[in-house]
Amino acid sequence: MNQEFRATHEEVSKCNRCGFCQAHCPIFDITRDERSVARGHNVHVRKLLEGDLEINEDFKDPLFECLLCRSCVSNCFPAVQTDRNVIAGRAEYLKKVGQPGAMRFLFHQLLPDHAELARYVKLAALGKNSGMGALARAMGILQWFGQDLDEAEGIIESLPTSFFRERVDGLNLEPARADATVGYFVGCGFNFVLPHVSEDTVDVLVHAGARVRIADNCCCGLPAYGHGDLEAARRMARKNVEALERLDAELIVTECGSCSAFLKEYPALFEDEPAMRGRAERLSKRVRGFSEFLTGRLPESGDVPGPSGRVTYHDPCHLSRYQGVVREPRALLQRVSTLTYVELPDADRCCGAAGSYNVLHYEQSMKVLERKMESVKRTGADLLTTECPGCLIQLGYGVRRAGLDVRVAHLSQVLREAYLGRRPRDVERPGGDGGAWSEGNAGGGLGDLWSY
Ligand code: SF4
Ligand code: SF4
């Protein structure tokens with residue numbers, strides 16, 4: 001048993017089998033199957049480490065169906081790190097069984113190279129947006145995802161024809177008066193699917209006095225890590241540590257809750273490499289989530305016309321449970337004088353996006369999402385906000401499916417509206433913006449179902 005295994009064995013052994021986690025697991029709530037809940041995962045992973053478990057579908061399916069949402073961890077008296085144990089189990093599974101070649105290509109060739117990935121996503125976008133789903137499948141991007149592909153494809157309505165990195169030239173990165181220089185970490189979800197949100201984010205950072213430097217980063221590595229491919233995750237982490245060390249910026253900011261969480265967790269990837277661990281630790285101290293960075297930087301809004309109505313907020317798991325960032329986004333929304341903030345029941349319950357979980361496990365994910373939509377209905381909100389691209393896409397799909405008259409927006413879009421008086425940019429208007437709230441279009445705001 002190597003050191004990594006010993007640490008996991010110690011962790012799974014902390015589980016006292018009390019079963020308290022059952023009441024808090026979104027997947028157990030659906031399956032009522034002991035193999036789906038933290039207690040079951042810990043028993044399985046322990047047996048696996050002890051060589052007392054046959055690797056088969058009975059083990060694999062529940063293991064890969066865990067959302068890694070950490071709801072169990074937050075509600076476990078010995079605080080067993082079940083999400084980490086599940087990932088260790090997945091890593092062991094991949095070691096024994098291997099992973100599909102396409103998955104390996106994604107994690108080892110495409111995600112570590114944003115330019116190469118851009119070429120592939122562009123081809124997939126061409127297929128999807130012209131109705132040629134077959135082309136996207138042939139390119140091997142969308143076909144990596146599960147059996148419910150036809151329905152899962154509907155989660156993302158369309159892919160943009162230009163990405164954030166191609167739009168940077170049209171942005172102002174220098175505030176009139178700067179009091180900080182920040183490196184903007186470009187998350188894959190925003191770069192490739194929601195580039196207009198990134199543009200709005202940069203505007204808000206500049207408005208808040210940040211000189212913005214665009215990082216030459218690759219994927220943070222979380223998709224590979226979550227899948228159990230630790231080798232690929234380490235490779236991307238190493239590349240990013242090097243790229244972010246080169247960047248002339250005090251802080252690294254991203255509006256993707258998953259990226260900021262994983263960047264902060266890089267040191268744990270290098271337990272056996274003290275020098276690399278030290279560099280990762282120095283980096284993790286420079287990382288801030290979007291709302292975390294903005295806290296204390298924005299006054300009460302009110303100088304420009306902006307959005308009005310009832311606003312609520314969904315906590316991305318990687319922001320709230322992984323980083324403890326809960327108060328910050330709410331405080332920012334409560335400073336928007338034209339909005340009334342209402343709390344979302346079970347706001348920190350996973351929405352079912354969980355990276356690519358909604359595509360890989362479509363049916364389970366939709367059941368989790370339906371519960372979230374019931375909570376949204378109860379608030380009577382016109383505007384549903386969050387701080388993660390996966391959640392944003394999933395919640396947008398949820399309101400479309402449920403036929404709710406609720407606009408879904410990233411926190412940065414709402415703050416740009418509130419402080420700059422500009423409506424959100426449209427996905428296909430690179431360099432442009434949605435226009436001023438005062439240009440006779442404010443009435444079309446919150447009632448619209450905003451589409452990606
Ligand atoms: S994971 Fe925690 S809450 Fe669940 S059975 Fe084990 S000790 Fe109890
Ligand atoms: S991480 Fe979430 S989905 Fe996985 S066992 Fe824990 S509560 Fe359930």
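Two strands pair if DSSP finds at least two bridges between them. Keep that rule in mind for the views below, which come from a predicted model.

**View 1. Strand 7 and strand 8 lie side by side as a parallel pair.** Four bridges join strand 7 to strand 8 (residues 407-410), so the pair meets the requirement of at least two bridges. Look for L384, which stands opposite V408 in strand 8. To get from strand 7 to strand 8, the chain passes through helix 23 (residues 389-402), and this β-α-β crossover is right-handed.

**View 2. Strand 7 also pairs with strand 5.** Strand 5 (residues 309-313) and strand 7 run in the parallel sense, with three bridges between them. Here V311 has L383 of strand 7 as its bridge partner. Which way do the side chains of strand 7 (residues 383-386) point? L383 and T385 point one way, while L384 and T386 point the other way. Are these residues buried or exposed? All of them are buried. In a regular strand, side chains alternate between the two faces of the sheet.

**View 3. Four strands form an open sheet in the order 2-1-3-4.** The pairing in this sheet is parallel. At the edges you will find strand 2 (210-214) and strand 4 (287-289), each pairing on one side only. Neighbouring strands are turned against each other by 35 degrees on average, direction ignored. Strand 1 (residues 180-184) and strand 3 (residues 251-254) share three bridges, and Y184 faces V253 of strand 3.

**View 4. Ligand 1 has 15 residues around it.** Coming nearest are C15, C18, C21, R39 and C76. Which helix gives the most to this shell? Helix 3 (residues 38-49) does, with three residues. Sorted by class, the shell has nine nonpolar, four polar and two charged residues.

**View 5. Ligand 2 has 16 residues around it.** This time C25, C66, C69, S71 and C72 come nearest. Helix 2 (26-31), helix 3, helix 5 (71-74) and helix 6 (82-97) each supply at least two residues of the shell. The classes here are 10 nonpolar, four polar and two charged.

**View 6. Stepping back, the protein shows 24 helices and eight strands.** Of its 452 residues, 48% are buried. Among contacts with a separation of 6 or more, 75% link residues 24 or more positions apart.

Technical notes
Residues numbered from 1 in each chain as written. Chains lettered and ligands numbered in written order. Predicted model: local features only at pLDDT ≥ 70, side-chain atom pairs only at ≥ 80, totals over all residues. Near = placed C-beta within 6 Å. Nonpolar A, V, L, I, M, F, W, Y, C, P; charged D, E, K, R; others polar. Buried ≥ 20, exposed ≤ 12 C-beta atoms within 10 Å, placed from the backbone. Contact = placed C-beta atoms within 7 Å. Axes fitted to C-alpha atoms, helices over the stretch in contact; angles between N-to-C directions. Right-handed = clockwise from strand over helix to strand, strands pointing away.
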